[in-house]
Amino acid sequence: MTEAKTGDCWAMTNTITYPLRALGIPAAIDFITNWGNANGGGHAWNALVLNNGKDIPFLGFEASPPDYSPFRIYKSTKRYPPKIFRKTFSTNTAALSNLVSATDAIPSSLNFDRFVDVTHHYLPTKNIKVTLKSKVCPELAYLSVFSNGFWQPVYWAKGNSGSYIYDRMATGLLYMPIMFGNSKINGALDYPFAVLEQGITRFKPEKDRLQDIMITNTQSLELDALALFGLDISSETFYHRMEAVMSDENRSKPINGKIYKLFYWDYGWVLAGEKKNIT
């Protein structure tokens, strides 16, 4: 890795962490398994741990404090994770490997046991209580976020009379409780809900109350901005294209003549209708 002069976020965080610790600098590795409002997998970065309980994030050799934000995409656009963990040397008794015996009941992205939860160090959080009214109440239920076309499990809780408490979940995101087993998702347990600072909003389709919907963009501003990263373009071209996205000039507008399908969630994706775009 030193010879190649390249590596991903985990490579950069690992490479800088141990030399810093050898010099007596308290550096930690914080990581996520999924983003909550954007597609994508995990991410990792470093944190300088201060005596006052605050952390200063940075990323290996790429971005030094205070100029680094693990959430910033471009200018004011950000992507947020549902959970942030910190690597530790000691094992966590609340880890999934200590709660279930079958390895195929643990999502691969959550199969780690040396961590502490530091979500509240970075983001506003809430403790979420989910009470299931269905007859199916598994011993362990997961909260998931929608990413890359699938519901991705991001945290877990043991049930107590059909109730599950998820500690310190990031606010401002959409979640759905699911079952997981045999190395796959085994179904939704309830409708999705958004965790907002003022409370929880549950999204259950009201089929007797209809409204018209105007689709102006086929994906969010965050996803339009992220799509420009990794392209083989010059920095000048990248800047101009990104500024066009920010000013709503280069967004993912519906293509003229193309047919678009609209779905809603009701324990599975249900087709609400389709429409040919004519501008």
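Strand β2 (residues 43-49) and β3 run antiparallel and are joined by 4 bridges. Ala47 has Pro57 as its bridge partner in β3. The model is predicted.

**The open sheet**

These strands belong to an open sheet of 5 strands, ordered β3-β2-β1-β6-β7. The pairing is antiparallel. Two strands sit at the edges: β3 (55-58) and β7 (115-117). Each of them pairs on one side only. On average, neighbouring strands of this sheet are turned by 35 degrees against each other, direction ignored.

Strand β1 (residues 27-32) pairs with two strands in this sheet. To β2 it is joined by 6 bridges, running antiparallel. Here Ile32 has His43 as its bridge partner. To strand β6 (residues 85-87) β1 is joined by 2 bridges, again antiparallel. In that pairing Phe31 stands opposite Phe85.

How many of the 6 residues of β1 are buried? The count is 6 of the 6, so the strand is largely enclosed by the rest of the structure. In a regular strand, side chains alternate between the two faces of the sheet. In β1, Ala27, Ile29 and Phe31 point one way. Ala28, Asp30 and Ile32 point the other way. Both sets are buried, Asp30 included.

**A hairpin**

Strands β9 and β10 form a hairpin with 2 residues between them. Asn148 lies in the turn and has a positive phi of about 55 degrees. Phe146 stands opposite Trp151 in β10.

| Strand pair | Bridges | Direction |
|---|---|---|
| β2 (residues 43-49) and β3 | 4 bridges | antiparallel |
| β1 and β2 | 6 bridges | antiparallel |
| β1 and β6 (residues 85-87) | 2 bridges | antiparallel |
| β9 (residues 140-147) and β10 (residues 150-158) | 8 bridges | antiparallel |

**The nonpolar core**

In soluble globular proteins, nonpolar side chains tend to be buried together. In this model the largest nonpolar core has 60 residues. Which residues have the most contacts inside it? They are Ile128, Tyr166 and Tyr175. Strand β12 (residues 173-181) gives the largest share of this core, with 6 residues.

Leaving aside neighbours within four places in sequence, Tyr175 is in contact with Pro82, Ile128, Leu143, Ser144, Val145, Met169, Ala170, Pro192, Phe193 and Val195. One of these, Ile128, is also named with Tyr175 among the residues with the most contacts inside the core.

**A serine in a loop**

Ser252 is found in the loop between α4 (235-246) and β16 (259-265). Is Ser252 buried or exposed? Its relative accessible area is 15%, so Ser252 is buried. The cut-off for buried is under 20%. The side chain of Ser252 reaches the backbone nitrogen of Gln219 at 3.2 Å. Gln219 is also in the contact list of Ser252, together with Asn217, Thr218 and Asp224, once neighbours within four places in sequence are left aside.

**Cysteines**

A disulfide is a covalent bond between the sulfur atoms of two cysteines. The rule used here asks for a pair of cysteine sulfur atoms within 2.5 Å. By this rule the model has 0 disulfides. Cys9 has a relative accessibility of 16%, so Cys9 counts as buried. Cys137 has a relative accessible area of 37% and is therefore partly exposed.

How values were computed. Residues numbered from 1 in each chain as written. Predicted model: local features only at pLDDT ≥ 70, side-chain atom pairs only at ≥ 80, totals over all residues. Heavy atoms only, no water. Buried < 20%, exposed > 50% of the residue type's maximum accessible area, 1.4 Å probe, protein only. Pairing = 2+ DSSP bridges. Axes fitted to C-alpha atoms, helices over the stretch in contact; angles between N-to-C directions. Core = buried A, V, L, I, M, F, W, Y, C linked by side-chain atoms within 4.5 Å. Contact = heavy atoms within 4.5 Å. Polar contact = N/O pair within 3.5 Å; in protein donor to acceptor, adjacent residues only side chain to side chain.
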